[in-house]
Each structure stands twice: as structure tokens, then as C-alpha cells.
Amino acid sequence: SADQTKVLTASDDNTARVWDVESGKELLRMVHEDAVASVAWSNDESLILTASWDFTARIWSAETGEPYLVLPHYGQVLNATWSHSDKYVLTASFDGAALIWDVGSGELLHVLPHGGSVNWAIWSNDDRQVLTASNDNTARIWDANTGRELLRLLHDGSVVHAVWDRSEQKVLTASEDNTARVWDAWTGELL
């Protein structure tokens, strides 16, 4: 938590939990049907987002641990992240797509398709773009408002992680081809 009094954890025991830092006491437990792969508080810390191998991402009340919204997939959900505005959620799944969801309505806004498992997905600082990393040997940049692919960055093996630099002028990718590469985020040129 922002005040450093609580810790949020994901576990292979099918739970996400909130813990009191000082006492070590469990404060909340949220249960999935399978392992929980990632967890994140909303920016105002009123909600908790979980991604699970049970083919769902879920949003929970951070106060009660009660479910607020279930976001279904066709495969294990490997990670999920809030937009900076907390209005949208981005999920990455073994089903070969990253999905953009509206938190208020639960509506699926955009499917960002890949040819293999999507291992990682993150928002740009202004929430206008999304960066994904996939087992289809690509990292891709997408327009978050339209779902249109803007850039495709190619590797010779699965791309396991991708991030923007602070200025968002460059993208760093890590791949199972035993390389980490730096790309121009606007042209896709390998630097």
C-alpha cells in the first residue's frame, strides 16, 4: 500500500491476500479456482485486481475482499494491470490475446490478438498505448483507444517481457532467444 502498512500477495495456493506489515496478520483473503499469477491495487487502493490461471481476472473490494467484477478469458491469465486513471484494466492471457476492459461497466473494449500466449502487457504513462510481449516472438505496441496495432518488434524466440524507458521513446524487450533488445518506440528500429 502507499502508506506501507499493507502488502498484497499472489500465491499458487489459489489466493490473493492482504497482510498487515507490522503484525504479519492476514487482513483479507480473495480466492480463485487456481493459482493467482499477479495482483495490483487500484491507484486509490479501493479495489484489488487479480489475474489467475483459472481463466479469469477479477476485481475485488479492497475493504471487504468481496468480488466486484469477473473478467473471463479462454486461457490462464498471466498478468493484469490498471490504467493510470483506474477506468480500465489490461489483461494478458495464455489464450493468445491481451484484453482491455472498462472497469465501470465490465465491458470488453478491445481484443489485442497475438499468435501465441501473451506473457506481459502494460500501459503507457498516458494510457493511450499498450505494450505486449508474446510467445509468438513479438512485442507489439497498440493504440489503447482503437485496439489498432501500431508497431511489431520481432525476436527469434518468445518475448517474455517488455517495458518502455522513462521517456517512452524506447522499448526494451527480453526474449527466450537469449537477447535483450532496445527499440525506437515510434519507428520500431532496433537500436
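Val-182 is partly exposed, with 34% relative accessible area. This residue belongs to strand 18, which spans residues 180-184. The model is predicted.

**Aromatic pair**
- A pair of aromatic rings is described by the distance of the centres and the angle of the planes.
- The count of aromatic pairs comes to one.
- The pair is formed by Tyr-88 and Trp-123, with 6.5 Å from centre to centre and 40° between the planes, and is tilted.
- Tyr-88 lies in strand 9 (residues 88-93) and Trp-123 in strand 12 (residues 118-123), so the contact ties together parts that are 35 residues apart in sequence.
- Tyr-88 is partly exposed, at 29% relative accessibility, whereas Trp-123 is buried, at 7%.

- Four strands form an open sheet in the order 4-5-6-7, and their pairing is antiparallel.
- Strand 4 (36-41) and strand 7 (67-72) are the edge strands, each of which pairs on one side only.
- On average, neighbouring strands of this sheet are turned by 15° against each other, direction ignored.
- Strand 6 (residues 56-61) pairs with strand 7 in the antiparallel sense over five bridges.
- Ala-57 has Leu-71, in strand 7, as its bridge partner.
- Strands of a sheet pair through backbone hydrogen bonds, either parallel or antiparallel.

How values were computed. Residues numbered from 1 in each chain as written. Predicted model: local features only at pLDDT ≥ 70, side-chain atom pairs only at ≥ 80, totals over all residues. Heavy atoms only, no water. Phe/Tyr/Trp six-rings, centres within 6.5 Å; stacked < 30°, edge-to-face > 60°. Helix = DSSP H or I, 4+ residues; strand = E, 2+ residues; numbered from the N terminus. Buried < 20%, exposed > 50% of the residue type's maximum accessible area, 1.4 Å probe, protein only. Pairing = 2+ DSSP bridges. Axes fitted to C-alpha atoms, helices over the stretch in contact; angles between N-to-C directions.
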